[in-house]
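Here is a brief report on a single chain. It covers charged pairs and the packing of nonpolar side chains.

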Amino acid sequence: AFSDFVGPMHLTTLAELTEAAAAYVTHVEGLAEFTRPQVMRHVVSTGQPMTRSRENLLRSFGTLMRQGTMQRSRRGQFELSTGSEFAEQARRFAQG
């Protein structure tokens with residue numbers, strides 16, 4: 001589960017949690033492209049207080065887009081950049 005992936009990381013920002021969720025969807029669930037709701041469902045599933053504001057969730061997603069951490073691949077679809085700091089951790093987690 002996503003919470004098992006992020007639990008040991010002690011992430012402190014919504015941007016980190018969002019990027020970790022995108023890496024999880026990409027490398028653990030095996031989806032090259034994902035939608036914003038797919039990523040946000042994982043973020044909200046952690047139950048952390050910082051995930052309660054929809055505006056903050058959308059803002060963190062937008063920040064990661066502007067930073068190039070995630071990019072739009074086509075309408076409504078996004079992909080994680082190859083330079084994501086969570087990509088390798090997600091690959092290792094997927095291998096068990």
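Glu88 is partly exposed in this predicted model. Its relative accessible area is 40%, which lies between the 20% and 50% cut-offs and is therefore neither buried nor exposed. Glu88 forms a salt bridge with Arg91, at 2.8 Å from N to O. Arg91 sits three residues from Glu88 in helix H5 (residues 87-95), so about one helical turn separates the two. Glu88 also meets Arg92 in a salt bridge, at 3.8 Å from N to O. That pair lies in H5 too, four residues apart, about one turn of the helix. Through shared partners, Glu88, Arg91 and Arg92 form one network of salt bridges.

The structure holds three salt bridges. They are listed here.

| Salt bridge | N to O distance |
|---|---|
| Glu88 and Arg91 | 2.8 Å |
| Glu88 and Arg92 | 3.8 Å |
| Glu33 and Arg74 | 2.8 Å |

Glu33 is in the loop between H2 and H3, and Arg74 is in strand E1 (residues 70-74), so their bridge ties together parts 41 residues apart in sequence. Glu33 is partly exposed, with a relative accessible area of 24%. Arg91 and Arg92 are partly exposed as well: Arg91 has 34%, and Arg92 has 47%.

Now the nonpolar side. The largest nonpolar core has 25 residues. Phe2, Phe5, Phe34, Val39 and Val43 have the most contacts inside it. Helices H1, H2, H3 and H4 and strand E2 each give two or more residues to this core. H2 supplies the largest share, eight residues. Beyond its neighbours within four places in sequence, Val39 touches Thr18, Ala21, Ala22, Val25, Phe34 and Phe61.

Definitions and conventions. Residues numbered from 1 in each chain as written. Predicted model: local features only at pLDDT ≥ 70, side-chain atom pairs only at ≥ 80, totals over all residues. Heavy atoms only, no water. Core = buried A, V, L, I, M, F, W, Y, C linked by side-chain atoms within 4.5 Å. Buried < 20%, exposed > 50% of the residue type's maximum accessible area, 1.4 Å probe, protein only. Contact = heavy atoms within 4.5 Å. Salt bridge = Lys/Arg side-chain N within 4 Å of Asp/Glu carboxyl O.
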